[in-house]
Amino acid sequence: MSLIPTLIETVSRARTDLRIGLPVVLGGYLAAAIETLSPDRLALMRQLGAAHLALTSWRAGTLKARVYDGDLARIALPPDADLAWLRSMADPAGDLMTPMKGPLNSLRGGDVAAHRAAIALAKSAELLPAVLMVPVDSVPEGLTRLEPGPALEQLARESIMAPVAAARLPLLAAENSKLHIFRPDDGEAEHYAVEIGAPSRDKPVLARLHSACFTGDVLGSLKCDCGPQLHAALGAMGQAGEGVLIYLNQEGRGIGLANKMRAYALQAQGFDTVEANHRLGFEDDERDFRIGAGILRRMGFSKVRLMTNNPRKVSMLEGHCIAVTERVPLITPRNRHNTGYLDVKAEKSGHLL
Ligand SMILES: Nc1nc2c(ncn2[C@@H]2O[C@H](COP(=O)(O)OP(=O)(O)OP(=O)(O)O)[C@@H](O)[C@H]2O)c(=O)[nH]1
Ligand SMILES: [Zn+2]
């Protein structure tokens with residue numbers, strides 16, 4: 001063991017660098033997230049080489065830019081491009097007001113591993129997936145350095161969950177409850193498990209994988225079904241006397257609360273939940289579904305009766321050593337604010353509602 005940061009630690013640092021507006025070195029490129037880039041750093045980076053913009057193919061498609069690199073596009077920077085232009089490319093908030101940002105010149109040919117790693121890193125930092133890329137021969141001192149291939153592999157790796165602390169926590173739904181905290185090995189968010197009663201590890205346990213929804217779970221938002229689902233699941237486990245609810249900090253289907261609010265602003269312009277994610281440059285679901293399986297395994301569970309309407313959760317658990325002996329539907333009431341959202345989940349995301 002040396003004191004030099006390992007790959008996993010360097011990726012974790014790089015994620016923080018992007019969040020605070022620092023460029024990182026990815027192979028032969030400097031990469032900086034547009035969302036946090038300052039005008040001064042933009043000017044300095046432009047002096048170093050031919051700057052261009054890496055976007056996902058979803059965002060590029062919305063901007064009508066040509067996509068030659070599969071899942072991403074590289075857009076040359078026009079000579080007069082300033083930070084306002086870059087931000088308008090990254091953030092769809094003003095798309096309807098200023099739809100034309102072009103003509104946009106997409107680059108083609110060459111290796112895009114650094115661009116792909118830069119976008120993956122921006123997403124893991126819960127920033128808009130739009131990155132300024134500058135090819136450089138020599139790099140300034142003090143920046144975090146990564147090779148794109150290993151960085152991408154690390155970002156795609158399943159995180160390993162370690163139990164950190166647990167304590168009794170009497171709940172309205174069940175007095176005999178315990179809250180467990182799990183910390184991943186890669187510097188990402190902690191996740192929680194609510195254990196109700198003392199469920200046997202030998203029999204299928206009533207279980208729920210719940211993705212964080214600050215707006216629904218805490219504020220009681222009417223726009224989604226998360227809050228009622230959370231309380232219905234805890235209530236059912238309380239009634240049964242046992243169960244386990246894994247609370248995954250994957251806010252907004254993994255895009256983070258800030259991006260979810262950007263998506264809500266687009267929904268107010270008339271786009272549905274899936275279209276809004278795509279206009280922002282995200283997949284419709286960016287969650288890493290392996291985390292829930294990892295926590296269940298770590299707690300000693302191998303069979304579940306899963307409370308969900310999402311068949312992907314069932315197949316994902318099955319693919320990661322957790323047998324789903326039964327899917328227990330979790331239907332909650334509709335209201336005039338969430339009915340369209342629920343329809344889109346059924347039509348586009350395969351939910352059984
Ligand atoms: N990006 C985005 N995320 C949303 C939106 N509405 C709710 N969410 C998030 O979606 C997640 C909940 O996922 P759902 O698709 O409702 O449910 P599910 O967990 O896949 O499936 P169920 O087990 O049936 O509930 C939470 O992380 C919410 O924060 C939205 O409009 N946009
Ligand atoms: Zn919600």
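Strand 3 (residues 52–56) is joined to strand 5 by 4 bridges, and the two run antiparallel. Two strands are taken as paired if DSSP finds at least two bridges between them; strands (E, at least two residues) and helices (H or I, at least four) are DSSP runs, numbered from the N terminus. The model is a predicted one, in which local features need pLDDT of at least 70 and side-chain atom pairs count only at pLDDT 80 or more, while totals for chains, interfaces and linings use all residues. Residues are numbered from 1 along each chain as its sequence is written, and chains are lettered from A and ligands numbered from 1 in the order in which they are written.

Strand 5 also pairs with strand 2 (residues 29–33), again antiparallel, through 5 bridges. Strand 5 (residues 130–135) is largely enclosed by the rest of the structure, because 5 of its 6 residues are buried. Buried means that 20 or more other C-beta atoms lie within 10 Å of the residue's own, exposed means 12 or fewer, and partly exposed lies in between, with C-beta atoms placed from the backbone.

An unreviewed UniProt entry lists Cys213, Cys224 and Cys226 under "binding site". UniProt positions follow the numbering used here, feature names are shortened, and annotations may be inferred rather than shown by experiment. Cys224 sits in the loop between helix 7 (214–218) and helix 8 (226–240), whereas Cys226 belongs to helix 8. Cys224 counts as buried because 21 other C-beta atoms lie within 10 Å; for Cys226, the number is 21 and the residue is buried.

Contacts here are pairs whose C-beta atoms, placed from the backbone, lie within 7 Å. Beyond its neighbours within four places in sequence, Cys224 is in contact with Cys213, Gly216, Asn338 and Tyr341. With residues up to four places away left out, Cys226 touches Cys213, Gly216 and Asp217.

Notes. Two residues are in contact if their C-beta atoms, placed from the backbone, lie within 7 Å.
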